Amino acid sequence: MADQKSAAGQRLTQIKDFLTMNKTATTIPWDPDCTKFPTRKELPQIPGAPPEAAWVWGENDNIGRLNLLTPTRVAAAAKEIRTGEIVPVNLPLDCPKQPAFGREQFKHEIKTLLENVAYDDLYHMNTQSGTQWDGFRHFAHVPTGSFYNGAKGSDIVGPSANHKCSIHHWAEHGIAGRGILLDYRGYAHKKGINYDPYDYYPISWEELYQCGKDQGIDIRPAAQGGDIKVGDMLFVRSGWKEAYDTATPEKREKAALRHGTGKDGEDGQRYVGLSQEEKVLDWLHDCYFAAVAGDAPAFEAWPTHEDYHLHEYILALWGMPLGEMLDLEKLAVKCRERNRWFFFFTSAPANCPGGVSSHVNGNAIF
């Protein structure tokens with residue numbers, strides 16, 4: 001008990017020192033190279049921002065937790081490259097054939113410049129129809145209508161539209177660092193846990209913790225004695241791609257075209273994903289992931305059964321890139337084959353000024 005009190009006192013002192021150094025995080029941007037950050041429950045209130053906002057990298061910041069991908073961390077992450085094997089995580093641009101949530105199908109046209117000599121491509125696409133990064137312009141904190149770092153809808157569309165929180169800022173910074181895969185679907189198969197990825201199924205923190213333990217990983221942040229380092233990028237395989245591959249074309253289309261809330265027996269979009277429970281919120285925040293992603297269409301269990309979405313916290317309040325519908329099948333096989341769940345990860349978002357989101361264009365490297 002004495003040791004616990006001592007550790008708690010030491011932690012409190014560290015946080016007080018951190019906040020003093022950063023002047024309560026309201027006037028001076030946080031130092032991304034710092035190794036100790038406040039937990040979700042220790043976040044200071046930022047004047048003019050919604051509760052629990054972590055808009056801490058400066059009033060003109062547009063990249064959020066990508067700030068954590070510093071040269072020091074990227075160089076350290078590069079040590080995960082041992083065999084040089086590359087595992088892409090991108091679905092074909094026309095997959096799924098019928099996108100969900102009313103999004104447009106991908107259309108590809110080849111333009112003939114000179115027959116038998118030269119050709120061009122024409123793409124018509126919704127960047128949210130397949131393997132995607134949700135950018136900070138994608139989803140607001142609903143009660144306040146605020147996007148990350150105070151951006152508003154008027155910054156995105158209309159006569160006063162500008163480049164605040166545009167996806168091109170991510171492209172200019174770049175995304176590279178250490179990734180970690182939690183293969184929950186593989187763990188569920190092993191433990192006899194049955195669920196339909198095309199139905200609402202919330203994956204709890206406890207389930208993720210046990211999944212990590214089965215992989216030989218303590219998923220708690222390093223500050224709490226775990227294996228997750230500041231700036232790591234999280235990938236969760238929930239089994240949606242596996243279910244998509246085994247479903248008939250008719251079932252895929254029917255599921256994608258479901259309308260309604262998806263709650264209380266009503267038809268609508270329903271998918272496996274992370275639970276919106278408090279322990280998941282604490283974990284996602286306190287690990288200081290640079291980005292999070294999964295193979296399911298919404299990352300979080302859909303529809304939410306709370307009065308909030310994980311999207312609001314991840315994107316609008318914390319400025320954390322959110323990836324959906326990544327193809328994690330080959331990555332899971334490679335991780336299990338190597339018994340290595342950490343790897344080097346790179347992504348090249350679209351350099352589209354004013355853009356909302358982007359395809360991931362990502363590779364895991366072992």
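1. Basis. Residues are numbered from 1 along each chain as its sequence is written, and side-chain values use heavy atoms, with hydrogens and water left out. Because the model is predicted, local features need pLDDT of at least 70 and side-chain atom pairs count only at pLDDT 80 or more, while totals for chains, interfaces and linings use all residues.

2. Helices (H or I, at least four residues) and strands (E, at least two) are DSSP runs, numbered from the N terminus.

3. L331. Leaving aside residues up to four places away in sequence, L331 is in contact (heavy atoms within 4.5 Å) with V87, V89, L181, F343, A364 and F366.

4. Cis peptide bonds. The bond from C95 to P96 is cis, with omega near 0°; P96 belongs to the loop between strand 1 (86–88) and strand 2 (107–114). Another cis bond joins W302 and P303, with omega about 0°, and P303 is in the loop between strand 9 (291–294) and helix 10.

5. Positive phi. F101, not a glycine, has a phi of about 55° and is found in the loop between strand 1 and strand 2. N361, also not a glycine, has a phi of about 50°; its loop runs between strand 12 (358–359) and strand 13 (362–365). By relative accessible area (buried under 20%, exposed over 50%, partly exposed in between; 1.4 Å probe, protein chains only), F101 is partly exposed at 31% and N361 is partly exposed at 42%.

6. Aromatic pairs. The whole structure holds 23 aromatic pairs (ring centres of Phe, Tyr and Trp, the last by its six-membered ring, within 6.5 Å; planes under 30 degrees apart are stacked, over 60 edge-to-face, the rest tilted). W30 and W57 form an edge-to-face pair, 5.9 Å centre to centre with 80° between the planes. Both lie in the loop between helix 1 (2–21) and helix 2 (71–77), so the pair ties together parts 27 residues apart in sequence. W30 is buried at 3% relative accessible area, and W57 is buried at 10%.

7. Cluster and charges. F101, Y198, W240, Y244, Y271 and W302 form one aromatic cluster. R258 lies over the face of Y271, 5.4 Å from the ring centre.

Terms used:
Lys NZ or Arg CZ within 6 Å of the ring centre and 35° of its normal.
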